[in-house]
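Q: Please take me through this model feature by feature, giving the general idea before the particular case.

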Amino acid sequence: MTLIGGIEYEGLMPYSSKGSSGVHGPEHRLNSGKAVISKKLKVGLLDESVVRLDGCDLGAIPEEVFQKTRLRELVLSRNRISLLSPRVVELRSLQVLRLDRNLLTTVPPELGKLSGLKHLDLSNNQINGLPVELGLCLELTNLNLLDNPLGETVPDNNAEDPKTFLLVYLGGTSAAQVNDLSQREVVVKKGTVRLLAQLRDQLDPEQHGEVVVRIAAQRQQEVRKRLKALVDVADAVKLEKALQASEKCAGGTVDTVP
């Protein structure tokens, strides 16, 4: 076990310019590859807002990552992470989390507490179930779950037990077999809306009520922004009337589907 930037990194040996025989053989190439990973790991941890540790052969999120309270983007693609630590909730400012091509089988419910999360890539793992708490991520517009074994069982959308709720985008395993990048993006975008709506329906009454209120507030904000962009700000009277009218409209029933 080698210490790198304060991290005990298992399986990483110090770099040696030559093998034991003094010839650049397989052992040298192996050590050289590990030295490249070591350097990438140290460099990746330097930034306070964006950390890129893709392809670093990590089995877990390094401890130093949790100390970055201003972290907005965390890239952990192409590693061997099998369990995502619940401590991810400590990254309050996180907006983008990429964990594609790892060994994950579950998703911690604590992810639902990351209120600012917008992009979550969990594709190409072994995830077979989802926590309903993901429905609490109201900013989440891109949730990539393609190429996971979620489609082995697709229960009825009205299933009462949230633990058995498994949904493949657009309702079939064929979604994970779409190779065209643009088509995959469309599948993910539409699937995100459908999936989050289903998860929110599975929340307990108190959480569901909270989501309804927050979505109403979000929509009201959007209406205000649109009105301010369309209405002449010099005409203060017309603007105020328009805002009052929009507030009355927002007071009705709110659908939880964004």
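**Reading the model**

A: A search of the whole structure finds zero disulfides, a disulfide being a pair of cysteine sulfur atoms within 2.5 Å. In general terms, a disulfide is a covalent bond between the sulfur atoms of two cysteines. The model is predicted, so local features need pLDDT of at least 70 and side-chain atom pairs count only at pLDDT 80 or more, whereas totals for chains, interfaces and linings use all residues. Residues are numbered from 1 along each chain as its sequence is written, and side-chain values use heavy atoms, with hydrogens and water left out.

Q: Is cysteine 56 buried or exposed, and is cysteine 137 buried or exposed?

A: Burial is read from relative accessible area: under 20% is buried, over 50% is exposed, and partly exposed lies in between (1.4 Å probe, protein chains only). Cysteine 56 has a relative accessible area of 0% and is buried, and cysteine 137, with a relative accessible area of 0%, is buried too.

Q: What pattern does the chain follow along the sequence?

A: Helices (H or I, at least four residues) and strands (E, at least two) are DSSP runs, numbered from the N terminus. Here the chain has four helices and seven strands, and the pattern along the sequence reads β-β-α-β-β-β-β-β-α-α-α.

Q: How many bridges join β6 to β7, and which residue is the bridge partner of aspartate 121?

A: Strand β6 (residues 119–121) runs parallel to β7 and is joined to that strand by three bridges. The partner of aspartate 121 is asparagine 144 in β7.

Q: What surrounds glutamate 73 in the model?

A: A contact is counted when heavy atoms lie within 4.5 Å. Glutamate 73 lies in strand β4 (residues 73–75) and is buried, with a relative accessible area of 15%. Leaving aside neighbours within four places in sequence, glutamate 73 is in contact with Ser49, Val50, Val51, Arg52, Leu94, Val96 and Arg98. A polar contact is a pair of N or O atoms within 3.5 Å; within protein, one must be able to donate a hydrogen and the other to accept it, and residues adjacent in sequence count only if both atoms are side-chain atoms. The side chain of glutamate 73 makes such a contact with the side chain of arginine 52, at 3.4 Å.

Q: Which residues other than glycine have a positive phi, and where do they lie?

A: Arginine 101 has a phi near 60°, and this residue is found in the loop between β5 (96–98) and β6, where it is partly exposed with a relative accessible area of 43%. Aspartate 147 has a phi near 65°; aspartate 147 lies in the loop between β7 and α2 (181–201) and counts as partly exposed at 25% relative accessibility.

Q: Where do residues that are separated in sequence lie in space, taking arginine 200 and arginine 214 as cases?

A: Arginine 200 lies in helix α2 and counts as buried at 2% relative accessibility. Between arginine 200 and glycine 135 there are 65 residues of sequence separation, with 4.9 Å from C-alpha to C-alpha. Arginine 214, in helix α3 (residues 205–230), is partly exposed at 26% relative accessible area. Not counting residues up to four places away in sequence, arginine 214 touches Ser115, Leu136 and Leu138, and the C-alpha atoms of arginine 214 and leucine 136 are 9.7 Å apart.

Q: What share of the residues in the chain is buried?

A: Of the 258 residues in the chain, 41% are buried.

Technical notes: Two strands pair if DSSP finds at least two bridges between them.
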